[in-house]
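Hi,

Here is the structure I said I would pass on.

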Amino acid sequence: MDYIENMQSMLSDGYTMNEVAENLYLNYHSVINIDEVYQLRKAIATKYDCNLNDVKLIGSPHTGYTYKDGKLLKRENPKDYDFAIINADVYIRFFHMIDIEKISGKGKRLYTNGILHGKLHPLHAGKRFLEKLEKMNKEIMEETGVSKHVSICFYLSEKDFIDGLVKYNSELYAGELRRISEQKDRISDLENLSDMKIVDKLEE
């Protein structure tokens, strides 16, 4: 499956950004390294005590593309794997491990904003918490024999997960919608021009 074509097709057919994100991230687990991703998801589910389907691969390793400087580029060999765990029990368990007083400066603002939107990102939850998760993730890498770096963030609900993805991909989706609209306008102009030429010939 080509994620780029699927995304563009859905946007062109009038699907909302939320529906596009749901289709791409909830229906499909990966576009590359499918077997390796399955082994990682299984190991993560065991290590973090959740269901296999709670573990979602996100970012370019999942879709096979990246959006940079206004350009949509295919990315077939990502350097890392970013996963999300969507499970309220897991979210609450790890939330209680964090000492917000140990988070300083910009990190505290980013952490608080994430929590308000049902997202817990280790990079914004203090050094000790990040080190704990990095240790767990390194064990997963060793158990599965995967050399690419593995990172994990947590979501309180599926809705929070999709809302976060839509916000993250909003520039990409908006850019594609503009391109699709401009393309349709060009096609319409060409059709109108063609109709005018036919009329001119008939009048001759």
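Predicted model: local features only at pLDDT ≥ 70, side-chain atom pairs only at ≥ 80, totals over all residues.

Residues are numbered from 1 along each chain as its sequence is written, and side-chain values use heavy atoms, leaving out hydrogens and water.

Of its 7 residues, 6 are buried, so the rest of the structure largely encloses β6. Buried here means under 20% relative accessible area with a 1.4 Å probe, protein chains only. Strand β4 (residues 80-86) runs parallel to β6, joined by 7 bridges, and I86 has Y155 as its bridge partner there. Strand β5 (residues 119-120) is antiparallel to β6, with 2 bridges; L120 is partnered with F154. Pairing takes at least two DSSP bridges between two strands.

Now the cysteines. C153 is buried at 5% relative accessible area, and C50 is buried as well, at 14%. The disulfide count is 0, taking a disulfide as a pair of cysteine sulfur atoms within 2.5 Å.

On to helix α1 (residues 3-12): Y3, I4, N6, M7, M10 and L11 are buried. They span an arc of only 165° around the axis, so they sit on the same side of α1; the arc is taken from the directions from the helix axis to the C-beta atoms. Just after α1, G14 has a positive phi of about 95°.

Cheers

Definitions and conventions: Buried < 20%, exposed > 50% of the residue type's maximum accessible area, 1.4 Å probe, protein only. Helix = DSSP H or I, 4+ residues; strand = E, 2+ residues; numbered from the N terminus.
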